[in-house]
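Please look over the sequence and the model before reading on.

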Amino acid sequence: MGAALEPLAEGALYRACEARALPFDTTAELEELELPLGQERAGAALELGAGMRGPGYHVFVLGPPGVGKRTAVARVIGRRASAEPPASDWCYLNDFGNPQRPRALRLPAGRAASFKRDVDRLVEDLRAAIPAVFEGEDYRTRLHLLEKQLEEEREAPMRALQHRAEERQVTVVRTPVGFMVAPVRGGEVVDAEEFRKLPEEEQRRLQEAIAAIQGELQEALRGMPRLDRRHRERVRELNREVALYAVGHLLDELRARWADLPEAVAHLEAVQADVVENVHDFIGGTDGEDAASQMRKLFSETPALRRYGVNVIVDHGNERGAPLVHEDLPTYANLFGRIEHHAHFGTLVTDFTLVRPGALHRANGGYLVLDARRLLSQPFAWEQLKRALEAREIRIDPPERLFGFSSGASLEPEPIPLSVKVVLVGERFLHHLLSALDPEFPAHFQVAAEFDDEIPREGNELAFARLVATLGRAAGLRPLSRAAVARVVEHAARLAEDAERLTARVQAIADLLREADHGAAVAGREVVAPEDVQAAIDARARRHGRVRERLLEEIARGTVLIDTDGERVAQVNGLSVVQAGALPFGRPSRITARVRLGKGEVVDIERQVELGGPIHSKGVLILGGFLSSRFAADRPFPLSATLVFEQSYGGVEGDSASAAELCALLSALSGLPVRQAVAATGSVNQHGEIQAVGGVNEKIEGFFDVCRGRGLTGAQGVIVPRANVKHLMLREDVVRACAEGKFRVWAVDHVDQAVEILTGVPAGARGADGTYPGGSVNARVSARLGELIEKARAFAAERRAEEGPP
Amino acid sequence: MSPPGLRRVLVALDVATSGGGAAAGTAELAAALGAELEALFVEDVELLRAAGLPLAAELALPSGAARALDREALEAQLGAFAAAAREALSAAALSHRLAFRFRVARGNPAGEFLAAAGPTDLLVLGRDPRLGRRGTTGAVASRAGTPVLVLGRGGGTGGPRWAVYGGSPSCDRALELAARLAGGAAGLTLLLAAATAGEAEQLAARARARLPPGRAPATRWLGGARRADLVRAAGRSGALLLMGAGSPVLAAGGLERLLDELDAAVLVTR
């Protein structure tokens, strides 16, 4: 290797935002920004999805939380919806022929309410008009005539019968429950004794007369129900005629008003026909109704006149443009509507007036925005949504029907034709899961609008400042000074974990702005200052720093063993990131290695006890590949090495410690001690190259905090992959310590550079003869391997000798 | 205080006319008059005679099915009939806290009713049956010397009180009774039975003079003084029509014919 590697300069550790380069004094001067910032791809996809007609072009807006997906959807879809014509109104009406199946009626936007008003007024008018005509003199006269007619029809044959009876000297007498026919003499009924005294001929004649009159009487009595029936029919016909007269002129006016809507007129015709047939419902009294029909009415599920009502389920009367509906709680009922019930004489009953709309009804003809996670977590909601989109109709099925057990007869409202654009908003993994596991998903949601986590920083700082201004204004916050904006920009880069990028998580920025504004308010400032922003960042770190502080405390107390000075063979300070709560933090971990004669394997103890994840195990296996290829390409590799994250109890995942693990192995093999003042992070490949890792800022800061707690010596520092230098946005105190030479950050490309820093001994480049310079790390490792090979051979020879000739 | 001569409401009951069909209305009437309530049920001897005939048979309502009927079975039916009527009237009397008596007699209903009715009674009669021997109601109503209430065709005692006024003394008594039953002159409708409008005016003035002071009753000229004028004017009113026996609308034995032509309840004073 060449000369000793220099630590990174201060400028490489943090990329400041030059406040002077921002062309404003406060954000009050900035124009608002059309969100989302830097999400052109997602925006274009959203525009395409919103504009595409035809089935299947529903939109899935995916991306991490807080990047402004909903805001973008509201803006893009809202703009398009407002330019489109309003959607139709919808009503449910009683189907007089089949009340179990309410009819759906589509009306132009804004006319459902007036249709309901007209029908309600019609019913009110009928309640006055019908009793008036039925209580009028004309009707009563005609009814009286019919009753007289019935009376005459009943009495005439009776009078004739009585007359014939008297002609034959018999009479009809009334008993408590019927009639008798008896002979008469001198106007009085003949008694038994007198009858027996009559000549036999006379007795026989009277008996015959009695029998004949009885026969006629029976015939007459049997004919009575027919007369009554005919009378009832005549009364019904009269009622129809009179009701039609009462209804007709009221309906004529409505028919004319709704003539442009034949379906509405058809309903009015149906109302008329039903009113005429059930005119008693409009008459207060119960005249003409028997007890049974009164009871039927009493127990009727639908109060009599309610059946003429109009159940307006969607009214777009006060809206401009197509509907845009956000359903925050997409339960089955909230999406597809429900059928309510009410208690009636101890049972639950329902009718068409209790059909309630869902979000799909309200969004029909426009746009429906749903949260994908919430939708998928609701029973039946997702499956039923696909079914509705497939069938292009909204069907209100009681959930129990979907479960497969019915609660008896229920309503089956007529399905409503569906034309809606569904926009699902959710995380990426939901989109990926649905794509992989639901074969119907791609057919319905052909447009994916994917939001990035980050946006490029270069050229976007001013736009980001406008974003800050927009968010602040939307939340009613104070303007930010130019320097405060610069600090927000820097923090956005830190949130992106990249000095060259800015976070797209608008929500996090909005939260920071609110908290900084609060600080400015407490300080009595009209404009938010950079110290307010910094105070908000620090306060948030403090609020979420309990676990981090406890860990540092335990390291300081020696409970968690981390050396920050001295030297130890086969022991390296590795670094990991702990995600506990809202803010991740870096944690140093002691990595140790042991080597012995073996079969050429590197054992990952974390994996053995199932505390290590697959990526970590992969990293460890790579170490074996590197060691064997570098030191035993043409000879056996009789090594068994074990690696362990000391005091790790929560599991290890990722390969970001593989460079440190390799250094620990090299130390173990070479016998060279490692400087404990230095920690290392980075993954390594089989060529020994150090590759970028995540959380580099947190890792550096985590080791810095431990060192600072014990006192910065100037010898302490962290080795990071060079590929991570562009990600560095370190805390101000870390940068300052580095600038003052109290702490160091080295960027390396290869494990040889890392091992040189850690051991202070040159790694040693391989010569043309395949050997390494004497005293170098690699020479020592190679020599140790040679010893192990010799020992392995000796063991093999001993074993052969013990086993004897074959 | 009951009006002079009316201390008892006597309900005439027999199988054919069944005057107990308006128990509640009758009791209400008795309460309004401050009278006691009594019912007389007459077992028609002719009916019993018929049941004693050989091969006597009854055609039962409503089917007309024939079945044998002897005297014993008929007496059982009459007993049940009387018990039901007694129960209904007793309950109605109790609800108005009226003194109540129920008597059973055997004989000719018309004769028994006329004999039982005293000068201080209001005799309540049902209507003759549509089929069978008729004439009891008309005969009793015409011959009784006491006020008679003939129930409406449906069995009711009528709704509003309408006094048919013709100016005779009996009409005056009917007017006073009507006002009493209507709770005052204001609740009364006066039907003036006069040949001319001028006479009607005079009758109205006379009637108002006989009524207690207060709001005057509604008046209406029948357009004539004949029975037909009354039938035309009040035929479907559903009212209780009160009139004196000397009213011109009942001239020439017109009560029986009026009852044939009119379904409404009619109360005739003497």
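## Strand β2 of chain A and its partners

In chain A, strand β2 and strand β3 (residues 103-107) pair in the antiparallel sense over 5 bridges. Strands here are DSSP runs of E with at least two residues, helices are runs of H or I with at least four, and both are numbered from the N terminus; two strands pair if DSSP finds at least two bridges between them. Within this pairing, Trp90(A) stands opposite Arg106(A) in β3(A). An antiparallel pairing over 4 bridges also links β2(A) to strand β7 (residues 310-314) of chain A, where Val314(A) is the bridge partner of Trp90(A).

Strand β2 (residues 89-93) of chain A has 5 of its 5 residues buried, so it is largely enclosed by the rest of the structure. A residue is buried if 20 or more other C-beta atoms, placed from the backbone, lie within 10 Å of its own. Asp89(A), Cys91(A) and Leu93(A) are buried on one side of β2(A), and Trp90(A) and Tyr92(A) on the other.

## Basis of the model

The model is predicted: local features need pLDDT of at least 70, side-chain atom pairs count only at pLDDT 80 or more, and totals for chains, interfaces and linings use all residues. Residues are numbered from 1 along each chain as its sequence is written, while chains are lettered from A and ligands numbered from 1 in the order in which they are written.

## Chain A as a whole

Chain A contains 28 helices and 30 strands. Of its 806 residues, 41% count as buried.

Elsewhere in this chain, strand β22 (residues 585-597) pairs with β24(A) in the antiparallel sense over 7 bridges, with Arg594(A) opposite Thr642(A) in β24(A). Strand β24 (residues 639-645) of chain A is mostly covered, as 5 of its 7 residues are buried.

## The sheet of chain B

In chain B, 10 strands form an open sheet with mixed pairing, in the order β5-β2-β1-β6-β7-β12-β11-β8-β9-β10. At the edges stand β5 (100-107) and β10 (218-221) of chain B, each with a single partner strand, so one side of each is left without a neighbour in the sheet.

Strand β9 (residues 188-192) of chain B pairs with β10(B) in the parallel sense over 4 bridges. In that pairing, Thr219(B) in β10(B) is the bridge partner of Leu190(B).

Technical notes: Buried ≥ 20, exposed ≤ 12 C-beta atoms within 10 Å, placed from the backbone.
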